[in-house]
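Have the viewer open as you read.

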Amino acid sequence: MSSETKSVRLPNKLEAFIPIIFLLIIMITNYVLGWWQDPHIPVTLSCGVAMIIGKLCGHEYKDMLAAALEAVNQSLEAIIIILLVGCLIGSFTASGTIPAVVYYGLKLLSPAIFLPFVITLCAAVGIALGSAWTVSATLGIAFMAIGTTIGLHPALIAGAIISGATCGDKFSPLSDSTNLAAGSAQTGLFDHVGAMVTTTFPSLVMAIGIFAFFSLSKVQSYDSTLADALSAAIIEHYSYMTPLLLLPILLIVVVAVIKMPAIPSVVLLSLIGCAFAIVFQGAGISDCITMLHYGYSAVSENELFSKLVNRGGMDSMLWTNNLVIVAVAFGGILQKIGAVESILGGLIKKVKTPFQLIVVTIATSMFCITTMCDQYLGLIIPASMYKDNYDEMGLGRDMLSRSLEDGGTLWSPLVPWSSCGAYHSSVLGVPTLSYLPYAFMNLINPIFAIVTASWGGNILFADGSRTNIFGKLKKGRGPAGAPKEAHKKAMKALEERRVAGIYKSL
């Protein structure tokens, strides 16, 4: 007889909140007291607390462990991709591709368009790097110094940096959060990236327009010393700095358009990066193997340059993957014992439309990040909670992954006690709550996604069809990736709703 046939109950709301409160207390204490400890151990300890609550509710240890392992198993592809992305970052740095993005971007700097330039370049480099943290620690530091010489308020400059860096991170196939969102929703990586264009790109355009207004009204003068020094360090270190080095960035777009599977595409792009490193920078095959494993390494007197290029490699992603594993396990245990269902279950039962489901998904992502202090949990937990609901409404899994990022990735830097919020605040020297009102991209994106969905805009269906911003149904490029049974279920639900007149037909 299965242990699940024994007396098992849902935790009450107090019991359900205990693991979350436990984690929240540790993480807030961590930042308030300035310990700056990584979240791995607190999340691991919270897994134990969740299991104790589960035991009190009648669950067996082996069943909770199985749920944690199953959750990790479902994320294995994302974990492998994240490791390979480390190789890709290393090869793109060794080839000079990532430094070329920075070098040619800085050449375009104009004081009259400083703030829109900041958000645009940070977004472009964020896409190239796949890391908002690295953008903040390199270009962010430079732009903070340049912006203050122009006479702009530090919080406004930080808002532009955060807006661009997190938007680029959100869009980048190299980003761990992008891969994790796609993996958690069990959809294709490039299906997910394509889905984000519907809400993220318009939000970026609006944010750029707002920053253009501020820039034109406030810019007075410009000191190019830091930008010139960084450009000089790039030229000095790399044997060749030519626009040809930007080609691998264009190839990212190509593999996205042709919908190449994520793992083969990342491996292919990594090898192309190695080829460029050999041809243009004189690297050897042994150098490439070392770089793919341990990352690129360079010595320079320019601190910004060192932060920009000394990165990448499979090893560099172990920190992220370790956190992903324990965070996924935590989410799996919470799901198994019914903690999240107890807290939010009443809410999901009231959801009847795609608009309501999008609102609940975005709100849950924000709730998880705010209470659990971690961006990854804001992606993982809502995905495990609501993926069946998306299937039951005939929606695409890319709709789920997009909503996870609309509410998760961009919200994390705005929470002072989250790892992202604490990091960016420390690096840029601006309190999180000070730059929050100026992080226009981060604030506009979830609002835009919810508002357009309220009249049926930007809805993605299981058969690949979608509505545009105004709610008009259009034929898509084909269905997004999804587990076979889930796709069959979603397609059946979609057909039933169209026959019933709930959804429009093509």
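## Overall fold

The protein has 24 helices and two strands, taken as DSSP runs (H or I of at least four residues for helices, E of at least two for strands) and numbered from the N terminus. Its radius of gyration, taken over C-alpha atoms, is 23 Å, close to the 23 Å of the globule rule (2.2 Å times the number of residues to the power 0.38) for 506 residues, so the protein is as compact as a globular protein of that length.

Along the principal axes, the C-alpha trace spans about 70 × 50 × 50 Å. Of the 506 residues, 58% count as buried, meaning under 20% relative accessible area, with exposed over 50% and partly exposed in between (1.4 Å probe, protein chains only).

## How to read the values

This is a predicted model, where local features need pLDDT of at least 70 and side-chain atom pairs pLDDT 80 or more, while totals for chains, interfaces and linings use all residues. Residues are numbered from 1 along each chain as its sequence is written, and side-chain values use heavy atoms, leaving out hydrogens and water.

## Helix 11

Which residues are buried in helix 11? They are Ala227, Leu230, Ser231, Ala233 and Ile234. These cover an arc of only 155 degrees around the axis (from the directions of the C-beta atoms), which puts them on the same side of helix 11.

## The start of the chain

Ile28 lies in helix 1 (residues 13–32). At 30% relative accessibility, Ile28 counts as partly exposed.
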